[in-house]
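Subject: Handing over a structure, with notes on what was found

Dear colleague,

I am passing a structure on to you, and I would be grateful if you could look through it with the notes below at hand. Please open the sequence and the coordinates first, and then read on.

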Amino acid sequence: MDKFQPVLQFIINQKTTIGYSFMALLTIGGERIFSVVSFQCPCNHQQNFAYGLTFLLGPAVVLLVLGLFLSSQFWRLYTGCCLNPQKLCPRGNCCGCFQVLINIFTGACVPPLMWLSVALLNGTFYECAISGLDENVVVDLFCKNKTLRCREELARVPCDRSKLSNDERMELLLMLRAQSQILGWIIIIIAAIVGLIGTCYKNCRSKVSYLQLTFWKRYVEKEKESFDSYTVEYATKLANRNLQSFFENKEPAAMSFPNHKAWEEISAYYSFSRSEQYYSTLQRFVERSDRDFSDERRPVLDLEHGLEMK
């Protein structure tokens with residue numbers, strides 16, 4: 001087992017890179033499945049643009065929504081905002097809230113950008129969409145110094161039903177594919193440059209050193225892992241206690257539980273401050289000298305805070 005320890009440690013340290021690589025493979029596989037199995041360009045001026053654009057941008061929008069939906073940071077910031085709008089902007093810290101939203105949105109944009117890059121590099125969706133545009137600028141670009149038939153048959157170029165010669169059709173198809181791949185590389189280059197500049201700016205503005213920042217990230221990861229496992233264990237104990245009380249028809253055993261205010265405090269989004277050198281809201285809460293140790297003997301959601309059991 002000791003021989004595999006370095007390999008396991010490497011995987012743990014590089015899990016972000018491995019995750020993005022796995023995501024890229026899924027994106028490539030999904031794009032190929034869409035292109036081969038479900039995508040059939042209608043090859044007419046009325047439908048090409050809408051159909052191709054739907055396959056190009058539709059999955060990107062769905063991936064963006066899924067990225068936001070699966071973001072724990074997003075729900076941590078947003079949960080309860082209807083009852084307490086100040087939660088979005090605590091103590092008037094609009095800049096901090098905006099920075100958190102930017103971080104959340106940036107993370108959610110990774111899968112859509114991967115999809116757009118892969119789809120444009122392949123070119124199938126772009127060829128169908130652009131060939132259906134009946135704008136003079138587009139038609140003149142592809143059919144300049146060509147016959148009138150080129151203008152009429154441009155929408156059929158992505159299919160085998162075009163009446164153009166094979167050489168003309170292949171020339172137009174290569175032009176469309178070249179444009180698509182250029183746009184794909186532009187997205188990749190811009191994303192890489194923006195990511196590098198953003199990371200450099202974030203590290204430059206960091207209030208802690210690189211080593212302390214590394215420790216902070218490790219701590220947050222470990223705290224989340226421990227929190228997840230501990231909540232499962234504690235929830236299991238609470239469920240067993242309630243079931244035992246129900247089936248044995250007796251009073252439930254006393255069981256301490258954090259109060260509502262404590263849950264609210266540890267759920268707030270925390271940013272490092274030199275005046276309060278904690279690594280999370282949980283650490284800040286447990287190390288407070290004026291900490292409220294009162295608990296909820298009956299841990300249920302009540303109507304006092306606008307919540308109800310369903």
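What follows is an account of the findings, going from the overall fold to single residues and then to the spaces between them.

Please keep in mind from the start that this is a predicted model, in which local features are described only where pLDDT is at least 70.

Overall fold

The protein chain has 12 helices and zero strands, and of its 310 residues 27% count as buried.

The nonpolar core

The largest nonpolar core has 27 residues, and those with the most contacts inside it are F125, I130, F142, V157 and L172. The elements that give two or more residues to this core are α3 (48-69), α5 (94-122), α6 (124-131), α7 (136-143) and α9 (166-204). As a general point, nonpolar side chains in soluble globular proteins tend to be buried together.

Helix α10 covers residues 210-248 and includes S245. Is S245 buried or exposed? S245 counts as buried, because its relative accessibility is 13% and the cut-off for buried is under 20%. A polar atom of the S245 side chain lies 2.6 Å from the backbone oxygen of K250, and, leaving out residues up to four places away in sequence, S245 touches K250, E251 and P252.

K250 also takes part in a salt bridge, its side chain meeting that of E248 at 2.9 Å, N to O. Both partners are partly exposed, K250 with a relative accessible area of 45% and E248 at 44% relative accessibility.

Another salt bridge joins the side chains of D228 and K224, at 3.3 Å from N to O. D228 and K224 both lie in helix α10, four residues apart, which is about one turn of the helix. D228 is partly exposed with a relative accessible area of 36%, and K224 is partly exposed with a relative accessible area of 45%. In total, the structure holds five salt bridges.

Links around α11 and α12

Which residue forms a salt bridge with R288? The partner is E265, and the closest N and O atoms of the pair are 2.4 Å apart. This pair links distant parts of the chain, since R288 lies in the segment after α12 (281-286) and E265 lies in helix α11 (residues 260-267), 23 residues apart. R288 counts as partly exposed at 27% relative accessibility, and E265 is likewise partly exposed, with a relative accessible area of 23%.

T281 lies in helix α12 and counts as buried, at 3% relative accessibility. The side chain of T281 makes a polar contact with the side chain of R76, at 3.2 Å. Leaving aside neighbours within four places in sequence, T281 is in contact with R76, E265, I266, S267, A268, Y269 and Y270.

Cavity and pocket

How many cavities of 30 Å³ or more are there? The count comes to one, and the largest cavity has a volume of about 30 Å³. Its lining is made by N259, K261, A262, E265, F285, R288 and D292, a list that includes both E265 and R288, the partners in the salt bridge described above. Helix α11 gives the most to this lining, with three residues.

The second largest pocket holds about 600 Å³ of space. It is lined by 21 residues, of which Y230, Y234, F257, P258 and W263 are the closest to its centre. The elements that give two or more residues to the lining of this pocket are α10, α11 and α12, and the largest share, six residues, comes from α10.

With best regards

Technical notes. Residues numbered from 1 in each chain as written. Predicted model: local features only at pLDDT ≥ 70, side-chain atom pairs only at ≥ 80, totals over all residues. Heavy atoms only, no water. Buried < 20%, exposed > 50% of the residue type's maximum accessible area, 1.4 Å probe, protein only. Polar contact = N/O pair within 3.5 Å; in protein donor to acceptor, adjacent residues only side chain to side chain. Contact = heavy atoms within 4.5 Å. Salt bridge = Lys/Arg side-chain N within 4 Å of Asp/Glu carboxyl O. Core = buried A, V, L, I, M, F, W, Y, C linked by side-chain atoms within 4.5 Å. 1 Å grid on protein atoms, 1.4 Å probe; cavity = no way out; pocket = protein on both sides within 12 Å on 5 of 7 lines; lining within 4 Å. Points joined across faces, edges and corners; volume = space filled by probe spheres on them.
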